[in-house]
Amino acid sequence: MTPGAALDQLVRRVSAQVRRRRVEHYALRGFFWASLPAVVLLALKGPLGPRAVLAAGALPLAGALLGAAWGALKQTSPADAARLADRAFGLEDRVATALEWAERPDRTPLVDTLVADATERVERLQPRQIVRRILPREAHFLPLPLVVALALTLAPALPLPSPRLPDFMGSSQEEEKDTRTGSGLLEERSKPEARERLRPPAFEEREFQARSGASTASTAGDLSAVFKDTSLSSQRPDFNSFLKRGDERLKLLEQVDRLPDLASDFTTSQYKMVFRKSKALAGGLRPDQISPQKLKELLEEMERLGRKGGNWSGEVGEGMEALEGGQTDRAMEAMQKALDKMRAQEEAQRSGKGLRGGRDSERGGASRDRRGGEGGGEGEDFGEGEGLLPGKGRSASPKGEASRRLSATPYDVGVEGESRRGRKDGYDTNMTGRGGPMASRLHYLGVIGQYRKLMEDAITREAVPRDYHSQIKDYFQALDER
Amino acid sequence: MTDDGRVREFVTAFETLRAEVEKVIVGHREIINHVLIGMFAGGHVLLEGVPGLGKTLLVKTLSESLELSFSRVQFTPDLMPADIIGTNIIVEDADGRKHFQFQQGPLFAHVVLADEINRATPKTQSALLEGMQEASVTVGGVSRPLPAPFFVLATQNPIEMEGTYPLPEAQLDRFLLKLRVRYPAIEELNAIIDRTTQSRQVVVERVMSGAKVLGYRELIREVPVAAHVRDFASGIVMATHPQWADAPDVTRRFVRYGASPRGAQALILGAKVRALAEGRYNVSADDLKALVAPALRHRVILNFEGEAEGIDVDTLLGQIVDNVEASTAQAREPFVR
């Protein structure tokens, strides 16, 4: 035997062992993965019949065969096999080095000695299995599908649910009709249903005119109101689709941030709705860039709203005429006038409503009655001369009566503000709400002395520029004079 | 002589030389092996250890067992470069004419013992640089070759830092191996006591000539290295670099600078000598693993975190080797690839 032949034979032997292990390895993997659909087939043996059992038996075998074929086809490089042999027989990289260097043109004289040495050692080796078996991870879980498959084979066919569930909403057409008519002042623009289906349920395209009137029939917990502004409002509720979680309503409800705030007056104000639509329509465009079709639709909407007691029909008419004459800018002006009128009318209505009742009047009703109707309005809890300034007011208690103070919760105080442009940009804030006009509880004369002392300490200790000292002192002097 | 015969002769020479050294030095088998590996690989060796462990004695014994010239330089802070390289001096000839003549320093020897090298100033330390790298020195614009084989064995004390000048990285890199001389075991200590406190005189014989050493150096370079073993060596060296994409976490965390290409050369050359000394005609991965610490420990510079945590470079290198071994194809079963 030539020196190289012994090494080649060893490499071939090791390669064959590797191939055998690969066949085992991939056959097990194939068997496992194919057994999973086999289990499914067995579960469906009721509807599929006895063929399912046959197919379930054949599937794992086919998977194992495919895996085995894959493992057999994978190639093992001679260098890998040689390294494996070196490690397994403790040959200290002799075989791998000899095989690699035997073919090299720059081989040194020592290589021949190395090949001879390696061959001699290889010939002395006893052939044995050197490639250990590595079970795939899948092999550990293999009993599971096998047991399930066995149980399914022996057990009677599983009762499966019928593919179509009964329609629990048989009379949904009538319900839908009732819901729509029951919404009182709510007016839905009738649209072809097919068109609605095509449109995505995007809130940007809400039809705001559908919320006519200051009051709506929406009540707390009435989720149907959520979908009123979407194309879903015209769809018939289908219980089956809810069960399958395929209903658009469910998907919409999951998008919490996109749900409208039913409590806000956004949905209750005609003006705001139309104003937003007009703003969205204009969108920073010049009048000649605005779509006449959309402008017309908006004007028509305003006209419809105006028929229910609005006084902006004239402006809307003007706008329509201008639009027909191709004067978009005039139409926009007319629309703006109509909007102004709408707002004025709404504000008038709101002030009237405030007089009639509401949360504030309900809460303050009892005390008003007790006091014989004196005072009223927003400032009634803090009547002039009462309460917080010592020595003032008619009450014996310098801070006012406890019950009335309690009713002025701090949550009734808000802050509003607006940015101020100038040499230095700033932000002016004012207290609002019932607590707004409350006088400060801090005793000015009591603290001004402390602040002056702190100021004097600060300008002596801190690195305040000398030029500023006099200005700071002048400022405190001016406060004293006040 | 056949190649097989050359290798057998080398193995015998190696063992004979080691046996001669072991006549004097008790224990330290691994240190002696590595010193011989450094010498046959054509490099220089730095011995680090506390005083009294026999570093100087080892080098002296080695030089006595070789038919080579030997000089010893005791490095001190006032040692000047000219003191070790040599200098031009004015001499008067028979005619009474005066001229400059180069007076060779102790560096002009085959085996140079630079004792306590870290006690000399950096200026003097750097005087060794050219000699160690180029095997020649330049004095007065004239380059003078050093005798071949030229072999520097330096020692340094790791604990006494007062009045020392730690070797700069550039100079450390020129040492093929850095060996740590450990304290002997109790049996070895007893043997040392017996051997050194009795009247028996040990005679060290000269067993190898300089020409033989040079011949073996040629033989060693013929030892083949398989591609996967070479890749393993370069993988280890690259894994000491924190900037390398596949560097292990320990390297990224504790290492500032990794080993230079000289480190890879040292690893392969040392592994070749080791393989041949064991009568093997090829380098194996085990040879590399055995030489990782002596070849790379002085080439890996720890960062602040590594210094602060007291990381041992040898331990770090062990982790790097494990990591590289696990990540290379060597560790993986070929049939699942």
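In which sense do strand 7 and strand 8 of chain B pair, and over how many bridges? To find out, select residues 136–139 and 142–145 of chain B in this predicted model. Strand 7 and strand 8 run in the antiparallel sense, and four bridges link them. Select B:Ser136 next: its bridge partner in strand 8 is B:Pro145. Two residues lie between the strands of this hairpin, and B:Gly140 adopts a positive phi near 60° there.

Proceed to B:Arg297, in the loop that connects helix 12 (285–296) with strand 13 (301–302) of chain B. Is B:Arg297 buried or exposed? B:Arg297 counts as buried because its relative accessibility is 10%, and the cut-off for buried is under 20%. Display the side chain of B:Asp314 as well; a polar contact of 2.9 Å joins it to the side chain of B:Arg297. Leaving aside residues up to four places away in sequence, B:Arg297 also touches others, including B:Lys178, B:Leu179, B:Arg180 and B:Leu317.

Now show both chains and turn to the contact between them. Chain B contributes 29 residues and chain A 27 residues. Together the two chains bury about 2,400 Å², with 58% of that area on carbon and sulfur atoms. Eight residue pairs are in polar contact between chain B and chain A. One salt bridge is found across the interface; select A:Glu92 and B:Arg280 to see a salt bridge whose closest N and O atoms are 3.5 Å apart. On the side of chain B that touches chain A, the elements giving two or more residues are helix 1 (3–24), helix 9 (227–238) and helix 12. That side comprises 17 nonpolar, four polar and eight charged residues.

Notes: Residues are numbered from 1 along each chain as its sequence is written. Chains are lettered from A and ligands numbered from 1 in the order in which they are written. This is a predicted model: local features need pLDDT of at least 70, side-chain atom pairs count only at pLDDT 80 or more; totals for chains, interfaces and linings use all residues. Side-chain values use heavy atoms; hydrogens and water are left out. Buried means under 20% relative accessible area, exposed over 50%, partly exposed in between (1.4 Å probe, protein chains only). A polar contact is a pair of N or O atoms within 3.5 Å; within protein, one must be able to donate a hydrogen and the other to accept it, and residues adjacent in sequence count only if both atoms are side-chain atoms. Contact means heavy atoms within 4.5 Å. Two strands pair if DSSP finds at least two bridges between them. Buried area is the accessible area (1.4 Å probe) that two parts lose on being put together, summed over both. A salt bridge is a side-chain nitrogen of Lys or Arg within 4 Å of a carboxyl oxygen of Asp or Glu. Ala, Val, Leu, Ile, Met, Phe, Trp, Tyr, Cys and Pro count as nonpolar, Asp, Glu, Lys and Arg as charged, and the others, Gly among them, as polar.
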